[in-house]
Amino acid sequence: MKADGPRNPWLPSAPREAAPVRAPEAPNPPRTTAVRPQVGLAADSPAKGLAFRAVPVGVPNPPWWWVGCHGGAAVSTLAELVPGGRDANRAWPIPADGNPSRVVLVARTNAQGLAMAQLAARQWAAGRVPGVTLLGLVAVADAPGRLPRPLAETLRLVAGGVPKAWFVPWIDALRFDHPLPEKLPKGLTRLEEELTPLRVELGQHAGR
C-alpha cells in the first residue's frame, strides 16, 4: 500500500526490484563433419549405393581415386583439370594389399546427384567400405547461376556427413569446349591446392 505525504529522508528507502537478467543467447551450434566411419550407423546403411571393385594385387594406389556417385558426375573433367587421381568407374576401390585407397566422391548438384552422394556417404559412415579413406566430396554445379535453396540445403546436409566438401561452380567454357579462363573459379583452385600435396607425397615415397 502506498503511503501518503512526502517521504521521510531519514528512513531508508524501499529496495528497488532488481532488473530481470536476460539469459545469454545460445551460440549457433558449430558445423561438424564426419571424420571417420561411425560403426553404430551400420544398421542404417543403405541397401543400395556404390558398387565395390577390388584393386588387383600389384596395381599401386594413385594419390587418390575419383569416384563418381552417378553417371555424368564430371569425373573425367576433374581428372583433366586436377591431375593426379584415377577414375574408379563409379565403384569403391577396395585394396588387396592392405594399403588404404584414398577416395574423393564426385556428384552433380541436382537432386538425383545429391541423393546418390548421400547414399555413398552413408555407406562410408556406416563402416561398410573397408580399406578406404574418404577425403571428401566434390559437388559440381549442374547449371549456371545460384543453387536453389532446397538443393543448397541438401548439399549442406550431405557435406556434413563427409570429412570435407568442395564446390566447383559452373564453368561456361567447358560447356562450349572453349579454352579455360586464365583465372579459374576459387572452388576449383582450392580443390587443386588441397589435393596436389597428396601427389607430391606419393612421389616422394616412390622415390625412396
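I began with Leu137: beyond its neighbours within four places in sequence, Leu137 is in contact (heavy atoms within 4.5 Å) with Leu105, Val106, Ala107, Ala117, Val158, Val162, Lys164, Ala165 and Trp166. I note that this is a predicted model, where local features need pLDDT of at least 70, side-chain atom pairs count only at pLDDT 80 or more, and totals for chains, interfaces and linings use all residues. Residues are numbered from 1 along each chain as its sequence is written, and side-chain values use heavy atoms, with hydrogens and water left out.

Next I looked up the largest nonpolar core, which has 22 residues. Such a core is a set of buried Ala, Val, Leu, Ile, Met, Phe, Trp, Tyr and Cys residues joined through side-chain atoms within 4.5 Å; buried means under 20% relative accessible area, exposed over 50%, partly exposed in between (1.4 Å probe, protein chains only). Leu137 is among those with the most contacts inside this core, as are Val67 and Trp92.

Then I turned to salt bridges (a side-chain nitrogen of Lys or Arg within 4 Å of a carboxyl oxygen of Asp or Glu). I found 3 in the whole structure.

Lys164, from the Leu137 list, pairs with Glu194 at 3.5 Å, N to O. Lys164 is partly exposed, with a relative accessible area of 31%.

Last, I checked Arg149 and Glu153, whose closest N and O atoms are 3.0 Å apart in a salt bridge. Arg149 is exposed at 65%, while Glu153 is partly exposed at 38%.
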